[in-house]
Amino acid sequence: MSRSALVAWSGALGAAAYPTWAAWRDGPGYGWFSYCPASVLQPLGVWDRIMEPLLLPLRADAFAVVWLSLIAAVPVFVVLMAPAWRRSGTTGRRSAAILASLAVLLPLSLPYYDAEACAEVRVFSGRWFAEVVSHLGTGTSVALLGAALLVLLATRTTGPAEERPAGVAVRRVSAFLLCYWTVAVFLLVSGIMPMDFVSAGLLAWLSMVFGPWPLFGLVAVLALLVAVLRRLRVPR
């Protein structure tokens with residue numbers, strides 16, 4: 001590793017460590033839990049009835065995954081492993097993608113509260129976009145984006161990057177969202193999961209029903225399945 005790559009990698013390691021330190025220092029990052037009697041009487045529109053069962057569980061689970069990743073120092077391990085793996089050009093790009101995804105998912109998955117309306121900010125509303133943009137400039141997101149950039153700089157000369165079809169990632173994300181929403185809608189429509197857990201997410205409901213350890217086992221099985229699928233040759 002050259003001197004410039006070592007400096008970039010060291011900077012990426014420091015930038016990746018900041019979100020974990022801030023997470024342990026500040027907590028989840030939102031403390032607006034309150035109760036407004038008037039909000040209970042507010043009627044639900046068509047958008048709320050259709051989109052809430054789709055968006056709110058996904059947002060809650062995305063926030064849980066991002067938050068647990070920060071608490072467990074996943075960004076630090078991603079940076080540590082980037083120059084150690086073979087084909088560091090490809091690994092660096094993937095590591096940077098993971099760090100950038102965490103940086104973007106955090107403000108996208110945060111629940112925002114409007115004190116004047118005495119309600120949670122509706123997803124995809126103008127106020128929601130403003131909140132997301134403002135939180136993209138916070139220390140955690142900026143640190144993760146900086147770490148992603150430094151990882152790319154540190155690994156750009158260490159090996160060739162393996163090219164993959166551009167549509168592979170899009171197909172994987174689309175397949176995941178389709179499976180997730182199918183399970184969520186089925187659990188809600190069948191009454192297996194109470195509507196009270198719409199805003200809490202599937203992970204919170206599973207951990208309450210089965211406890212944390214079976215949930216960790218499920219995550220391990222899914223991780224193993226993803227690792228096996230990654231070994232399959234992608235058709236070109």
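Buried denotes a residue with under 20% relative accessible area. The structure shown in these views is a predicted model.

**View A. Helix H7 and its buried residues.** Helix H7 spans residues 139-155. Its 17 residues reach 24 Å from the first C-alpha to the last, close to the 24 Å expected at 1.5 Å a residue. The buried residues of H7 are Thr140, Ser141, Ala143, Leu144, Ala147, Ala148, Val151, Ala154 and Thr155. Because these residues cover an arc of only 165 degrees around the axis, they lie on the same side of H7.

**View B. The largest nonpolar core.** This core comprises 45 residues, of which Val79, Leu99 and Met193 touch the most other members. Two or more residues are contributed by each of helix H1 (3-26), helix H3 (46-71), helix H4 (74-81), H5, H6, H7, helix H8 (167-189) and helix H9 (202-210). H3 provides the largest share of the core, with eight residues.

**View C. A nonpolar patch on the surface.** Val104, Leu105, Leu108, Leu136 and Leu145 make up this patch, and together they have about 330 Å² of accessible area. Helix H5 (residues 88-109) supplies the largest share, three residues.

**View D. Leu136, a member of the surface patch.** Leu136 belongs to the nonpolar patch and is located in helix H6, which runs over residues 126-136. The relative accessibility of Leu136 is 30%, and this residue therefore counts as partly exposed, a class that lies between buried, under 20%, and exposed, over 50%.

Methods. Residues are numbered from 1 along each chain as its sequence is written. This is a predicted model: local features need pLDDT of at least 70, side-chain atom pairs count only at pLDDT 80 or more; totals for chains, interfaces and linings use all residues. Side-chain values use heavy atoms; hydrogens and water are left out. Patches are made of residues with over 30% relative accessible area and no salt bridge: like charges are joined within 9 Å, nonpolar side chains (Val, Leu, Ile, Met, Phe, Trp, Tyr) within 5 Å. Accessible areas come from the Shrake-Rupley method with a 1.4 Å probe; for residues, only the protein chains shown count as cover. A salt bridge is a side-chain nitrogen of Lys or Arg within 4 Å of a carboxyl oxygen of Asp or Glu. Helices (H or I, at least four residues) and strands (E, at least two) are DSSP runs, numbered from the N terminus. Buried means under 20% relative accessible area, exposed over 50%, partly exposed in between (1.4 Å probe, protein chains only). The expected span of a helix is 1.5 Å times one less than its number of residues. The arc is that of the directions from the helix axis to the C-beta atoms. A nonpolar core is a set of buried Ala, Val, Leu, Ile, Met, Phe, Trp, Tyr and Cys residues joined through side-chain atoms within 4.5 Å.
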